[in-house]
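Hi,

Here's the structure I promised to pass on. Have a look, and my notes follow below.

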Amino acid sequence: MKELTLTKIAEVCHGTLVGQNLHPEKTVSSVVIDSRLVEAEGLFVAIPGERVDGHSFVKSVLEKGALGALVERIPEDLLLENGEPNPELLPGGLIQVASTTQALKDLAAFYRSVLDIKVVGITGSVGKTSTKETIAAVLSQKYSVLKTAGNFNNEIGLPLTVFRIRDEHQVAVLEMGISDFGEMDRLAKIAKPDIGVITNIGTCHLENLGDRDGVLKEKSCMLKFLQPGGVAVLNGDDDKLSTLQNRFKEVVGVEPVKLDFFGVREEGVTELLPTADLKAYATDIENLGLDGVAMKLHAQESGEKDETSFDARISIPGRHNVYNALAATCVGLELGLSIEEIQKGLAEAKTIQGRTNLIHHKDMILIDDCYNANPMSMKEALHVLENAKGRKIAVLGDMGELGEREAELHGEVGEAFAASTVDTAFLVGKLMKNFQEKAKKLAPEKEVYYFEDRESMTKALLDYVKAGDAVLVKASHFMQFPKVIDALMEK
């Protein structure tokens with residue numbers, strides 16, 4: 001890994017080298033926090049956790065051939081009786097720091113700074129992961145791309161993703177998720193994006209961020225750390241993001257950067273910005289049900305004066321995924337892709353487990369969207385379910401971190417269900433009582449079943465579903481709804 005010797009690591013992390021340090025100038029092969037993933041000549045970062053303390057594994061990773069380990073203290077099993085480090089047990093070197101969590105971030109920021117690579121940073125309230133997947137699929141038509149894996153988008157996951165970047169990678173697509181003020185500042189200092197994408201500003205993490213203006217303030221903080229000449233790619237149909245055209249310095253706190261807005265130009269969509277101000281926009285949107293969405297995209301290729309229009313299709317269901325295609329189109333154009341490459345990449349884009357993942361199982365369709373949830377994404381998931389044939393069953397659980405309006409916001413999702421063509425709801429969680437009350441009041445003819453716990457709900461659901469059904473499973477992560485998917489797959 002470029003420039004990451006034990007000596008340089010100690011310098012960057014303000015640490016002290018301890019032990020024999022037989023190879024202080026050798027470059028480490030990898031950086032991990034999971035002892036099971038340690039490679040020969042790798043660096044292990046001992047993170048003290050609530051359940052497991054990484055310091056317990058330092059001795060074993062050194063014995064496995066790790067070049068060194070970042071620690072906050074010397075583990076007792078590496079000390080002599082007099083409290084001094086045991087040289088026979090330290091074939092590799094330790095770097096002692098005040099905080100290994102902070103050292104992990106400091107080291108990732110340094111590593112990013114020495115890499116010759118374009119970075120696309122992605123944040124927003126809804127659609128970060130599907131947008132990341134779509135952008136990566138498009139850019140992969142021209143470049144070697146590394147993308148955030150799974151949910152590695154926080155202050156531990158982002159550094160670990162950065163450490164996966166190697167010389168062969170030309171572009172990194174990094175997802176950044178936050179839930180409180182100050183987090184984006186810390187994440188963006190690590191990522192230092194060349195292009196910053198913000199999908200939308202919704203009603204999530206209100207418990208900490210207060211309201212949508214707070215969400216806008218925190219999410220847009222990413223744009224403060226764009227590289228010189230950086231570009232912001234923003235949803236121009238979002239009533240908060242569109243204001244950055246005239247309020248950028250007021251909201252973000254720095255001088256304006258280049259802004260690429262994207263949007264939809266169809267009946268029923270409020271035009272917050274003139275079409276001429278959009279880098280890319282979509283018309284003629286055709287809902288293909290669970291097979292995805294087709295559209296006509298309009299964009300301006302780099303160096304061209306005239307607008308180009310082309311047909312595009314994505315296989316991820318849900319009209320909201322048009323915005324993912326638009327964001328990917330803007331990023332692709334900024335990084336020099338042709339229209340043909342963008343078109344092909346959009347067609348190849350797929351989602352991941354837990355994010356609108358369609359599973360065909362014994363004549364049923366399961367929509368696995370259970371990684372996380374907020375009011376905006378739950379309403380969109382109901383719209384996706386409406387596209388299914390047969391009985392449409394929504395299996396929903398509580399949404400977290402919504403602050404003082406949590407009851408009201410759950411009720412609003414109940415209103416959306418009542419207005420939809422979804423037939424049945426299976427609900428669990430204290431806050432879903434509000435959903436049930438609204439749904440029964442507005443659509444008494446629909447079947448709405450409420451349960452005190454996930455286990456009793458799952459048992460009733462298994463007795464209820466049959467061949468031909470389409471089942472949406474969605475809740476916030478703490479509700480552990482992947483267990484519901486597992487139970488349905490065993491039916």
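In which sense do strand β11 and strand β12 pair, and over how many bridges? Strand β11 (residues 258–264) and strand β12 (residues 278–287) run parallel, with 4 bridges; pairing here takes at least two DSSP bridges, and strands are DSSP E runs of at least two residues, helices H or I runs of at least four, numbered from the N terminus. Phe262 has Ala280 of β12 as its bridge partner.

Before the rest, some housekeeping: this is a predicted model, with local features needing pLDDT of at least 70 and side-chain atom pairs pLDDT 80 or more, while totals for chains, interfaces and linings use all residues. Residues are numbered from 1 along each chain as its sequence is written, and side-chain values use heavy atoms, without hydrogens and water.

Back to the strands: there's an open sheet of 9, ordered β7-β8-β6-β9-β10-β11-β12-β13-β14, with mixed pairing. β7 (145–147) and β14 (308–314) each have a single partner strand, so one side of each has no neighbour in the sheet.

Now helix α3 (residues 100–113). Of its 14 residues, 10 are buried (under 20% relative accessible area, 1.4 Å probe, protein chains only), among them Leu104, Leu107 and Phe110. The axes of α3 and helix α6 (residues 183–191), lines fitted to C-alpha atoms over the stretch in contact, come within 7 Å and cross at roughly 40°. Lys105, Ala108, Ala109 and Arg112 of α3 contact Arg186, Lys189, Ile190 and Ala191 of α6 (heavy atoms within 4.5 Å).

Cheers

Technical notes:
Buried < 20%, exposed > 50% of the residue type's maximum accessible area, 1.4 Å probe, protein only. Axes fitted to C-alpha atoms, helices over the stretch in contact; angles between N-to-C directions.
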